[in-house]
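Biologist: I have a sequence and a set of coordinates on my screen. Can you walk me through the packing?

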Amino acid sequence: MSENATAGTVGDVRTMYEAYPYPSPTVGDSLIPDVANSLFTIFGEDDLSDKKILDAGCGTGQRLLAVARRYPKAHFVGLDMTAASLAVAEALSRRHGIHNVEFRRSELLDFDPGYAFDVIMSIGVVHHLEDPGSGIRLLASLLGERGVLILWLYHSLGEHQRLLDRETLLTLWNRAEGFDAGLQVLKDLGVNLAVKQYGSTAAQAKSEVSQVSIDVDAYLHPIVNAYRFDESVNLLRACPEIDWAAVNNVNLLNSSKLIDLNEVETGDMRYLCQSTDDLFAADSLRRRFRSLEPMQKLRVLENVLKPTGFTILGGRGDSHQSLSNRVRSNAIHLSQG
């Protein structure tokens, strides 16, 4: 079961992000390149020329703009529900001279662009919806014929203690008291989000990081869901448009690893993958692991690694055939169960 702790509504979510734009309200000189780096592991040398790409829940835009700068021949739409976040994102795009992004303000479930997207990414957003399944189905419906959906979700094993701390705070704090009171409870508990909770992300310059926005998002958020791998695959399976799913990478305390279920990656990228040799010391266990079906391998990986977060891909038709060899090998065909 996914962990689902709800202490409010979508209106409370909007109020929170208007007060504490995420990931940072600072219009600074640095962007956050982790998602851009992740896209390279998925699309390889493809420059995504002329592709229409949606970032559903772009927040203050530090990640989206880093992607747009990396892929200048693609056209991006940044969607967010809050004016405060979009104001930061638009100012950042001007400061960095990035012109291939347009920003739209809308609730996710109300978004109707009037055209389809080649790629949709939603990084840390749908798990904050009251009904994440509805959000994912909406995004899947916006994919073009060979579209690819990229979701980053909390993992319930690695996030277990954080979610317990969040539950403690929400029990002690009444949201009607205001955010200052909630932050005081957090301070009194001696809790904050570890800098490398989701691995090393080569994030913003220290002066441009808002630890307050980060902690509000981590502990005071009204709605949080977290997932095991099979639950995330089932969310995609429930979308008529999605024909395949693949876990791309996991975030761990202090590190991140690419998933390479069949050990097909070569060259330098191989060293970024979670290897079977590092997973088990005993050769007998390595042999047993290599003989498993994909979903069984994923279950062992999450039980051993206890990820804090992960990226899962889904797509229409044979769209995985245009992605990296590792992603193609990881792909699970949903029609086959």
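This is a predicted model: local features need pLDDT of at least 70, side-chain atom pairs count only at pLDDT 80 or more; totals for chains, interfaces and linings use all residues.

Biologist: How many residues of strand 10 are buried?

Modeller: Strand 10 covers residues 309-315. Gly-309, Thr-311, Leu-313 and Gly-315 point one way, Phe-310, Ile-312 and Gly-314 point the other way, and all are buried. Strand 10 is therefore largely enclosed by the rest of the structure, and the count is seven of the seven.

Biologist: In which sense does strand 6 pair with strand 10?

Modeller: Strand 6 spans residues 143-154. Leu-151 stands opposite Ile-312 of strand 10. Seven bridges link strand 6 and strand 10, and the sense is antiparallel.

Biologist: Which residue of strand 10 is the bridge partner of Val-247?

Modeller: Look at strand 8, residues 244-252. Strand 8 and strand 10 run antiparallel and are joined by seven bridges. Within strand 10, Val-247 has as its bridge partner Ile-312.

Biologist: Which residue of strand 6 is the bridge partner of Ser-122?

Modeller: Strand 5, residues 117-123, runs parallel to strand 6, with six bridges between them. Strand 6 is mostly covered, with ten of its twelve residues buried. The partner of Ser-122 in strand 6 is Leu-151.

Biologist: How many nonpolar, polar and charged residues make the contact of helix 6 with helix 7?

Modeller: Helix 6 passes helix 7 in a right-handed crossing. Helix 6 brings Thr-168, Leu-169 and Leu-172, while helix 7 brings Gly-182, Val-185, Leu-186 and Leu-189. By class, that contact has five nonpolar, two polar and no charged residues.

Biologist: At what angle do the axes of helix 9 and helix 12 cross?

Modeller: Helix 9 is residues 229-237, helix 12 is residues 294-305, and their axes come within 9 Å. Helix 9 is oblique to helix 12 because the crossing angle is roughly 135°.

Biologist: How many charged residues are in the contact of helix 9 with helix 12?

Modeller: From helix 9 come Phe-229, Asp-230 and Val-233. They meet Met-295, Leu-298, Arg-299 and Glu-302 of helix 12. The contact has four nonpolar residues and no polar ones, and the charged residues number three.

Biologist: Which elements do the buried residues of helix 9 pack against?

Modeller: The buried residues here are Phe-229, Glu-231, Ser-232, Val-233, Leu-235 and Leu-236. They pack against helix 5, strand 6, strand 7, strand 8, helix 12 and strand 10.

Biologist: Is Ser-106 buried or exposed?

Modeller: Ser-106 sits in the loop between strand 4 and strand 5. Beyond four places away in sequence, Ser-106 touches Leu-79, Asp-80, Met-81 and Phe-111. The cut-off for burial is under 20% relative accessible area. Ser-106 has 17% relative accessibility, so it counts as buried.

Biologist: What separates the C-alpha atoms of His-127 and Leu-151?

Modeller: His-127 lies in the loop between strand 5 and helix 5. At 0% relative accessibility, His-127 counts as buried. Leaving aside neighbours within four places in sequence, its contacts include Trp-152, Leu-153 and Tyr-154. His-127 and Leu-151 are 24 residues apart along the chain, and their C-alpha separation is 9.6 Å.

Methods:
Residues are numbered from 1 along each chain as its sequence is written. Side-chain values use heavy atoms; hydrogens and water are left out. A crossing is left-handed if the near helix is turned anticlockwise from the far one by less than a right angle, and right-handed if clockwise. Helices (H or I, at least four residues) and strands (E, at least two) are DSSP runs, numbered from the N terminus. Contact means heavy atoms within 4.5 Å. Ala, Val, Leu, Ile, Met, Phe, Trp, Tyr, Cys and Pro count as nonpolar, Asp, Glu, Lys and Arg as charged, and the others, Gly among them, as polar. Axes are lines fitted to C-alpha atoms, for helices over the stretch in contact, and angles run from 0 to 180 degrees between N-to-C directions. Angles under 35 degrees count as roughly parallel, over 145 as roughly antiparallel, 65 to 115 as roughly perpendicular and the rest as oblique. Buried means under 20% relative accessible area, exposed over 50%, partly exposed in between (1.4 Å probe, protein chains only). Two strands pair if DSSP finds at least two bridges between them.
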